[in-house]
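Dear colleague,

I am passing on the structure below, together with an account of what I found when going through it. Please read the account with the coordinates open beside you.

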Amino acid sequence: MESWNIAVMAAMICIYVATLAGFRIYLKKYREKERQLWEKEKTQIQEEFMSSVLSRQMQYDALQSQINPHFLYNTLDSIRGEAMMAGNGTIADMTEHLSRFFRYCISNQGNIVTIRDEINNTFDYFYIQKYRFGNKFRLETSIEETCYNNKIPKMTLQPIVENAIFHGLERKKEGGTVHITIFETEKNVKITVSDDGVGIEEETLRRMNVNLRNMESGPVLSSPDGKKTGIALQNVNERIRLCYGRDYGITLRSTKYLGTDVIIVIPKEKEEERF
């Protein structure tokens, strides 16, 4: 009888231990589930908070993008007015060109403009550079009349002209000339931006043309004075390819100490043809 009682007690102890172990497992799982629910809820709260912050930031950025251009334009117009009242025509003219340049660069008129728009913006940019460098540089154009209404990605010509000034002409003591030639072929429009600057080394030229042809950024090339070259060309080339395909874009010709030609090919597409 006594052994029977011991056996029963032992069985009860085993059941208790098993029940306790099972409860501990259940409690552990419950706490883990509760922790997961809390983490999920916390993540959701954080996401909602971040979404709210980002939404407010986007609203602020949108408002700022509307305010800043008008503030800039109004300030430049005020400077021009003061310059005219003071009889300083040079500052008034420069401010007018600078204002038009900024209006064009940050306006919402779209990514595709006309060649006429690009030429006018390039003249504004070049006028500003002439104020800085005096008459050291000249800009000449030879443009077929039928090309002016052809469509072209916005900000195609000015970065190329800027590249010609700072990497081709600036290092020449006597200055130099940038010449823009534009004419039509049967299906395309060919634009050549030429400078009579210092030119490009043969191996550097080869690498740049390979990168442009393959739409690869490659290593950024440095001129002897440490300035980076090729970035503007790559950006313009990629935008042209994205708009029109791989049959279009930029190629380079250059002879060391004689100058560089940047050749741009785009399809012949008049303003009234695009809807």
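What is the order of the strands in the open sheet of 5 strands? The order is E2-E4-E5-E9-E8, and the pairing in this sheet is mixed. Strand E2 (137–143) and strand E8 (249–255) stand at the edges with a single partner strand each, so that one side of each is left without a neighbour in the sheet. From one strand to the next, the twist averages 15°. Please bear in mind throughout that this is a predicted model, and that the values below were computed from it.

**Overall figures**

The secondary structure of the protein consists of 6 helices and 9 strands. The protein has 275 residues, of which 35% count as buried, and its accessible surface comes to about 17,600 Å², with 56% of that belonging to carbon and sulfur atoms.

Strand E4 (residues 176–184) pairs with E5 in the antiparallel sense over 7 bridges, and the two are joined by a hairpin through 3 residues. Within this pairing, Ile182 stands opposite Ile191 in E5.

On the question of cover, strand E5 (residues 188–195) has 6 of its 8 residues buried, so it is largely enclosed by the rest of the structure. E5 also pairs with strand E9 (residues 259–267), again in the antiparallel sense, over 8 bridges; here Val193 stands opposite Val262 in E9, and Asp195 stands opposite Thr260 in E9.

E9 is itself mostly covered, with 8 of its 9 residues buried. E8 and E9 run antiparallel and are joined by 7 bridges, among them the pairing of Arg253 with its bridge partner Asp261 in E9, while Gly249 stands opposite Val265 in E9.

Helix H3 (residues 115–133) lies across E2, E4 and E5, and runs at about 165° to E2. Helix H6 (residues 231–244) also packs on the sheet, where it touches E8 and E9, and its direction makes about 145° with that of E8.

**Salt bridges**

The structure holds 8 salt bridges, and I describe some of them here, beginning with a network that links Glu96, Arg100 and Asp124. The side chains of Glu96 and Arg100 meet in a salt bridge with an N to O distance of 3.3 Å; both residues lie in helix H2 (residues 89–106), 4 residues apart, which is about one turn of the helix. Glu96 is partly exposed, with a relative accessible area of 29%, and Arg100 likewise counts as partly exposed, at 38% relative accessibility.

Arg100 also forms a salt bridge with Asp124, the closest N and O atoms being 2.7 Å apart. This pair links distant parts of the chain, with Asp124 in helix H3 and Arg100 in helix H2, 24 residues apart. Is Asp124 buried or exposed? Its relative accessible area is 6%, and because the cut-off for buried is under 20%, Asp124 counts as buried.

In helix H5 (residues 202–214), Glu203 and Arg206 lie 3 residues apart, again about one turn of the helix, and their side chains meet in a salt bridge at 2.7 Å, N to O. Glu203 counts as partly exposed at 43% relative accessibility, and Arg206 is partly exposed with a relative accessible area of 45%.

Lastly, Ile79, Ile91 and Tyr131 make a nonpolar surface patch of about 250 Å². Of these residues, Ile79 has its place in helix H1 (residues 2–85), and at 40% relative accessibility Ile79 counts as partly exposed.

With best regards

Conventions. Residues numbered from 1 in each chain as written. Predicted model: local features only at pLDDT ≥ 70, side-chain atom pairs only at ≥ 80, totals over all residues. Heavy atoms only, no water. Buried < 20%, exposed > 50% of the residue type's maximum accessible area, 1.4 Å probe, protein only. Pairing = 2+ DSSP bridges. Patch = residues over 30% accessible without salt bridge, like charges linked within 9 Å, V, L, I, M, F, W, Y side chains within 5 Å. Areas by Shrake-Rupley, 256 points an atom, 1.4 Å probe, with all protein chains shown as cover. Salt bridge = Lys/Arg side-chain N within 4 Å of Asp/Glu carboxyl O. Axes fitted to C-alpha atoms, helices over the stretch in contact; angles between N-to-C directions. Contact = heavy atoms within 4.5 Å.
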